[in-house]
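Please view the sequence and the model together while reading.

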Amino acid sequence: MNYDISSILKNWDYDPSNINARWVMGQDGRMKVQLRLDLGLFQMEAEGRPDGTRPRGYVSLLHYYSAITKTAGGGQALKLGGEACAELQQESLQYYYRYLAFYALHNFPGVVSDTDHNLAVIDLVTEYAEDEDHAWQFVQFFPYVRMMNARARAEQALAEKNHEEAIRALQKALDDINRFWGEYGESDNASGSEVELLSDLLRQVMKQKPKTKADRLQEQLNTAISREDYEKAAVLRDQMRKLGLMPPPE
């Protein structure tokens, strides 16, 4: 058997300016995800753990440790030392590579699922790591993972033409990230790349959002007031009151 993958790489050039990902059919009849790297490629399962293993008989290490915390006294007894954290870090890296591939392939539900996994790992280690240094190896990536999660949720909502849901997802993520930096005493980072990216995306979504009748009436009212056309402004206010968009005059 020839194990050389040169022919595969030769027919799939690596582009450092983009995430290079594709779907392939596996010999087992299931779709796989491939991610092209500069020195080769990763092939990952599309469901479950990316490497296809079941650590300790569970879907993932996260599922394994979560099961322990739900047993009687399990949460009080669980302590994640260096070895356990290293294993969880390796698992999180697998999910990271896969959600990058999923994002490039516009598989936004997959991105949401995998970033949810890594966010749950961060929560797990934050609560049960033996020391803060081990926990910080995970916690420091919260803004990035939370940002990717929100982007995928927003993209998924926009594909369904649900602008309100996209806006909610982005605003919630911005609140979470800003709260994170406030908690960890890094307020200067509140204007960092994750916040900047989500803020730009939020502005774009709000511009794309179809205007409701209330929005149009409010714009017309603002224009009338700016032009000192108070008669028209009064008519518009009456229309808005009839629609329940403005309180009655006192």
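Which residues make a nonpolar surface patch of about 300 Å²? The patch is made by Trp23, Met25 and Met31. The model is predicted: local features need pLDDT of at least 70, side-chain atom pairs count only at pLDDT 80 or more, and totals for chains, interfaces and linings use all residues. Residues are numbered from 1 along each chain as its sequence is written, and side-chain values use heavy atoms, leaving out hydrogens and water.

**Surface and burial**
- Patch residues have over 30% relative accessible area and no salt bridge, and nonpolar side chains (Val, Leu, Ile, Met, Phe, Trp, Tyr) are joined within 5 Å, like charges within 9 Å.
- A salt bridge is a side-chain nitrogen of Lys or Arg within 4 Å of a carboxyl oxygen of Asp or Glu.
- Accessible areas come from the Shrake-Rupley method with a 1.4 Å probe, and for residues only the protein chains shown count as cover.
- Met25 counts as exposed because its relative accessibility is 54%; exposed means over 50%, buried under 20%, and partly exposed in between.
- Strand 2 (residues 31–37) is mostly covered, with 5 of its 7 residues buried.

**Strands 1 and 2**
- Met25 belongs to strand 1 (residues 20–25); strands are DSSP runs (E, at least two residues), numbered from the N terminus.
- Strand 1 and strand 2 run antiparallel and are joined by 6 bridges; strands pair if DSSP finds at least two bridges between them.
- Val24 has Lys32 in strand 2 as its bridge partner.
- The two strands form a hairpin with 5 residues between them, and Gly29 in the turn has a positive phi of about 85°.

**Strands 2 and 3**
- Strand 3 (residues 40–45) runs antiparallel to strand 2, with 6 bridges joining them.
- Gln43 in strand 3 stands opposite Gln34.
- The hairpin from strand 2 to strand 3 passes through 2 residues.

Note on methods: Helix = DSSP H or I, 4+ residues; strand = E, 2+ residues; numbered from the N terminus. Buried < 20%, exposed > 50% of the residue type's maximum accessible area, 1.4 Å probe, protein only.
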